[in-house]
Amino acid sequence: MAHVAVIGAQWGDEGKGKIVDWLSARAEVVARFQGGHNAGHTLVIDGKVYKLSLLPSGIVREGKLSVIGSGVVIDPVAFASEKERLEGQGVKITPVNLAIAENACLILPLHGELDRLREEAAGAGKIGTTGRGIGPAYEDKVGRRAIRVADLRDLDGLESRIERLLTHHNALRKGFGAEPIEPASVMESLRHAAEQLLPFATPVWQLLAEARRAGKRILFEGAQGVLLDVDHGTFPYVTSSNTVMGQAATGTGMGSAGQAYGLGIVKAYTTRVGSGPFPTELHDEIGQRLGERGHEFGTVTGRQRRCGWFDAALVRQSLLTSGIDGVALTKLDVLDGFEKLKVCVGYRIDGREIDYLPAGTAEQAKAEPIYEELDGWSGSTAGARSWADLPAEAVKYVRRIEELLDRPVVLVSTSPEREDVILMKDPFES
């Protein structure tokens, strides 16, 4: 039976939460495989808004198992806060419907402090992190200093591990002129973490293997987007994890996740939060109009997103590096009423034309978009649930995007509401 991996194919904020929520009706298990609470998903269900940062989107659906994989770094304080908020909205969260990988690494208060110290010291060179400690937590994971969820079962045995962690962090803090951290404060954080996380801790690779053997459909939920991938994104303005489809296998322990149907979520225009290259960014009234109509503010940070025309060259590059099979196009309704629309089909750099964004930051800064102009539409696409409901020009816009991306558009989202979706092909039946 098919499994599906949902991947953001731009700079994140493409509307993955809604698509994952919609697809979860067809799945029994929803698994998150990378990132931390720096990724925000907003779900609108029957007019009720749910904001998620760490928990998988499947948590709002009854009868589904939500999994936080080992590729995720977990802030226990953020987890407890999000859990309490969702429970206040009537969402049940128990070990029956939520499992946390026992080999996932923790984000501790010292990670967020280091993140913010670095950004403040960088001045104009800051890369626009959320300041929530995700990067430093991944650094400790790679440096083999991290405390993992399973370690919380033996707090008394962590003394030497804490000492090693603080040897590293206090040396860094000294360079920033910050006070050293005492082992007792770290231990206090770990005791709180144990209370919050251990009831949900389990070998999730085993749960997923059992689900697969039982023929259950598994939905793998990515965070951020391919253009923020630490290897394949617009480095150094990227996140600290791999966001491509291959991480679904590594970040859950289910090796066959790489064989899932790759669904790339793509906004009908382009947005980005924070610093970094953005060839099609608009600094005029059109960019402002896109931002206002699309309510382009980050779920996690509240920062206003930068807006621009759809960049087919960049998305095509994302689909190739991530192994995407089909595309879900979101926020088509935001383009209602535009007389003309532009789509970037390549770049001009120092007089030469290329169809991809180079890795070098100097070349990226010089990239001038090459646009193709398309007719807009005066009718409304908002709330459309069938292909026949779309204006002819909107259909042509979607078809042209398919041609430029060399991938089929299998889903079109026409509003934030759960059921406002046009389905051309069910990814689970592929």
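Trainee: What volume does the largest pocket have?

Mentor: About 930 Å³. This is a predicted model, where local features need pLDDT of at least 70, side-chain atom pairs count only at pLDDT 80 or more, and totals for chains, interfaces and linings use all residues. Residues are numbered from 1 along each chain as its sequence is written, and side-chain values use heavy atoms, with hydrogens and water left out.

Trainee: What counts as a pocket?

Mentor: On a 1 Å grid over the protein atoms alone, it is an open set of points where a 1.4 Å probe fits, with protein on both sides within 12 Å along at least five of seven lines. Lining residues have an atom within 4 Å of a point. The volume is the space filled by probe spheres set on the points, which are joined across faces, edges and corners.

Trainee: How many residues line the largest pocket, and which lie nearest its centre?

Mentor: 49 residues line it, and N38, Q224, V238, T239 and S240 lie nearest the centre. α3 (109-122), α4 (134-142) and α8 (247-250) are the elements that give two or more residues to this lining. The largest share, 7 residues, comes from α4. Helices here are DSSP runs of H or I with at least four residues, and strands are runs of E with at least two.

Trainee: How does that lining divide by class?

Mentor: Into 16 nonpolar, 23 polar and 10 charged residues. Asp, Glu, Lys and Arg count as charged, and Gly counts as polar.

Trainee: Which residues does the UniProt "binding site" annotation cover?

Mentor: The unreviewed UniProt entry gives T299, V300, T301, G302, R303, Q304 and R305. Such annotations may be inferred rather than shown by experiment. Of these residues, T299, V300, T301 and R303 are in the lining of the largest pocket.

Trainee: And the second largest pocket, how much space lies in it?

Mentor: About 550 Å³. Its lining has 26 residues, with G15, T42, G294, K331 and P416 nearest the centre. β3 gives the most to this lining, with 4 residues.

Trainee: Switching topic. Which residues have the most contacts inside the largest nonpolar core?

Mentor: L190, F220 and Y397, in a core of 95 residues. Helix α12 (residues 392-405) gives the most to this core, with 7 residues. A nonpolar core joins buried residues (under 20% relative accessible area, 1.4 Å probe) through side-chain atoms within 4.5 Å.

Trainee: What does F220 touch?

Mentor: Its contacts (heavy atoms within 4.5 Å) include H3, F33, M254 and A260, not counting residues up to four places away in sequence.

Technical notes: Buried < 20%, exposed > 50% of the residue type's maximum accessible area, 1.4 Å probe, protein only.
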